[in-house]
Amino acid sequence: MNLRQIEVFHAVMIKGSTVGAAEMLHVTQPAISTTLKRMQDELGLALFVTASGRLTPTPEARALFAQARALQQDVESMRRLARMLALGKVGSLRLGIVPAISEGALAAIVERLSGEAPDLTMTVDVLNSHDLVNMLLGGRLDIACVFGNDHGEPLETCATIVVPLAVVGPIGVLPEGRVTLAHLAGLSTAGLRRTDPIGRVLAASCAAQDVRLAPSIALRPSRAVVALASRGVASGVVDTLTLVDFEPSRFDRRALDPELSIDMRVVRLSGGPLAQSEARAINAIVQVISDRLSGLPKADNQGEYRA
């Protein structure tokens, strides 16, 4: 006895005829009769007798119907769940993000996902890129939003957002116009460690320009560099996404010369189809971050930022 036979038996019990069952299941009447006969033969039971042109269930059929109805309800429940899963509206999602995605951006991402999939359960870890990659490799995250472009196998990139870098410093300390790394080398600076993706971008650019940039304070993340600039302690290079939630009047900001940027990538373990919940999350991340970056002040030709 298989699920199709149970479905047909259930429909005949409800409708009282093979014609009604055929209409209910959108198949032909002979198909219903054939399936019902095969089921009776396999069970060795007579499930219906014909009386006055109507199928009358036998006592054995009535005994089976309660379980058939429960099974059919379970099957319908499974079908509904499958449809919801296909739309990415239920299930679970384990998301990792870097601190540059501020509380406001994270709230916007979660709000967007909750509106589209109210039954989706989420866990979010906010860590640096290195730790997020390790969590992915350990199977503890589904997707992660990280900095850098050196995430090869077994990770695959699902989306990339280019994030410009900028110089921040105490008010009145930075020179007018665009700031070179050579200018920055003459100031008291705080910088991200060379193990940090932004730190690696800066190290490569310094090497290409033959500039020795030796920060007096090495730290992470970019938010700490902005905090030091706001306190008048040191200057440094940060990703512009970090600047979204900071009050711009508390520090000076300049464009770099030449311009530098870093890739922010949404990554996951390679292999297997992308779950709909993951696809929804990727779209939400890209949309929210792109909107945040587009709302930032743009540098003019002199490297000054205007609202």
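This is a predicted model: local features need pLDDT of at least 70, side-chain atom pairs count only at pLDDT 80 or more; totals for chains, interfaces and linings use all residues.
Close-up 1. Residues are numbered from 1 along each chain as its sequence is written, and side-chain values use heavy atoms, with hydrogens and water left out. Buried denotes under 20% relative accessible area, exposed over 50%, and partly exposed the range in between (1.4 Å probe, protein chains only). R268 belongs to strand β11, residues 261-269; strands (E, at least two residues) and helices (H or I, at least four) are DSSP runs numbered from the N terminus. Neighbours within four places in sequence set aside, R268 is in contact (heavy atoms within 4.5 Å) with L136, D142, I143, P154, L155, E156, C158, P273, L274 and E278.

**Close-up 2. A144 in strand β5.** The strand comprises residues 143-147. A144 has a relative accessible area of 0% and is therefore buried. Residues up to four places away in sequence not being counted, A144 touches G96, L132, L136, R265, V266 and V267. Between A144 and M13, the C-alpha to C-alpha distance is 51 Å, and the sequence separation is 131 residues.

**Close-up 3. L43 and a nonpolar surface patch.** L43 is situated in helix α3, residues 29-43, and counts as partly exposed because its relative accessibility is 32%. Together with M1, L45 and L64, L43 makes a patch of about 310 Å². Accessible areas come from the Shrake-Rupley method with a 1.4 Å probe; for residues, only the protein chains shown count as cover.

Key: Patches are made of residues with over 30% relative accessible area and no salt bridge: like charges are joined within 9 Å, nonpolar side chains (Val, Leu, Ile, Met, Phe, Trp, Tyr) within 5 Å. A salt bridge is a side-chain nitrogen of Lys or Arg within 4 Å of a carboxyl oxygen of Asp or Glu.
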